[in-house]
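Please have the coordinates open as you read.

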Amino acid sequence: MSRERRIVAELGRPETPEEMAARKAAASKRHRDNQTFGNLIAAIVVCLAVVLVMVLVVVRPGLPEREAFDVPAAAAAAQRVVDAPLVVPALPEGWAANLAELRTGADGITTWYAGYVTPDEQFLSFTQAVDANPTWLVTATEDAPPTGEREISGITWTEHDQRAAEDPGNLAYVLTTERGASTVVVAGTAGDAELQTFAEAVSEQLAAGE
């Protein structure tokens, strides 16, 4: 007994074999397309889950510790060619020197320089010039105007506070003094407490070298 053909509402009559075949083919294609899209979404979700697990679970190595310069050793080597006693500030734990070297400028003036990263990740440095002149000091401080004086460990320093300036860089706060043959510039971006600690350590070394 032959199977009755399906009456299609849109046609108002039974569909022909060709129409039936076309309908089934279209339905099969839609099914395959839906499966492909679903598989794609599932694959993306799985990949994202794997990446998330790797980020959360895999232990990443920490950053290497910053290697500090040996300021006393550098000063001992530099002292062989400099007559004035070189400053080597004794700082508490947490301070790290990132540079310490003897320099000779185009003007022939020899300077002993050391830069430090503070415990609060700020920057401070000192520059000790031997037999400097006023022109050297103006250049070293970029002609920062004086704003007062500070007495630190028995030494009078001229203060150049530029922290309210738009872009003072590493000269946000500057202290300058002359002691014997040395002209010393302390400069940096640290806050008051770290500035005081650093200036005291430099001042004590200057006083001890007299």
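1. S8 and S9 pair in the antiparallel sense, with 7 bridges between them; two strands are said to pair if DSSP finds at least two bridges between them. Helices (H or I, at least four residues) and strands (E, at least two) are DSSP runs, numbered from the N terminus. The hairpin of S8 and S9 leaves 2 residues between the strands, and glycine 180 in the turn has a positive phi of about 65°. Threonine 177 stands opposite valine 184 in S9.

2. Some housekeeping on the source. This is a predicted model, in which local features need pLDDT of at least 70 and side-chain atom pairs count only at pLDDT 80 or more, while totals for chains, interfaces and linings use all residues. Residues are numbered from 1 along each chain as its sequence is written, and side-chain values use heavy atoms, with hydrogens and water left out.

3. Now the overall picture. The protein has 4 helices and 9 strands, and from the N terminus on its elements run β-β-α-α-β-β-β-α-β-β-β-β-α. Of its 210 residues, 30% are buried; buried means under 20% relative accessible area, exposed over 50%, and partly exposed in between (1.4 Å probe, protein chains only). Among contacts between residues at least 6 apart in sequence, 47% join residues at least 24 apart, where contact means heavy atoms within 4.5 Å.

4. The sheet deserves a careful look. It is open, has 7 strands in the order S3-S4-S5-S9-S8-S7-S6, and its pairing is antiparallel. Its edge strands are S3 (96-104) and S6 (148-152), each of which pairs on one side only. Neighbouring strands are turned by 20° against each other on average, direction ignored; axes are lines fitted to C-alpha atoms, for helices over the stretch in contact, and angles run from 0 to 180 degrees between N-to-C directions.

5. Consider the S6 end of the sheet. S6 and S7 run antiparallel and are joined by 5 bridges, with threonine 156 in S7 as the bridge partner of glutamate 151. These two strands also form a hairpin with 2 residues between them, and serine 153 in its turn has a positive phi of about 50°. Next along, 4 bridges join S7 to S8, again antiparallel, and aspartate 161 stands opposite tyrosine 173 in S8. Because 5 of the 7 residues of S8 are buried, this strand is largely enclosed by the rest of the structure.

6. At the other end, S3 and S4 (residues 110-117) run antiparallel and share 8 bridges, one of which pairs threonine 104 with threonine 110 in S4. Helix H2 (residues 71-78) lies across S3 and S4, running at about 175° to S4. Is threonine 111 buried or exposed? Threonine 111, found in S4, is buried, with a relative accessible area of 9%. Beyond its neighbours within four places in sequence, its contacts include Glu101, Arg103, Thr127 and Trp136.

7. Among the buried residues of H4 are Leu195, Phe198, Val202 and Leu206. The cover over the buried residues of H4 includes S4, S5 (123-130), S6, S7 (155-161), S8 (173-179) and S9 (182-188).

8. Finally, the aromatics. There are 4 aromatic pairs; rings of Phe, Tyr and Trp (its six-membered ring) pair if their centres lie within 6.5 Å, with planes under 30 degrees apart counted as stacked, over 60 as edge-to-face and the rest as tilted. Tryptophan 95 and phenylalanine 198 form a stacked pair, 5.8 Å centre to centre with 10° between the planes. Tryptophan 95 lies in the loop between H2 and S3 and phenylalanine 198 in H4, so the pair ties together parts that are 103 residues apart in sequence.
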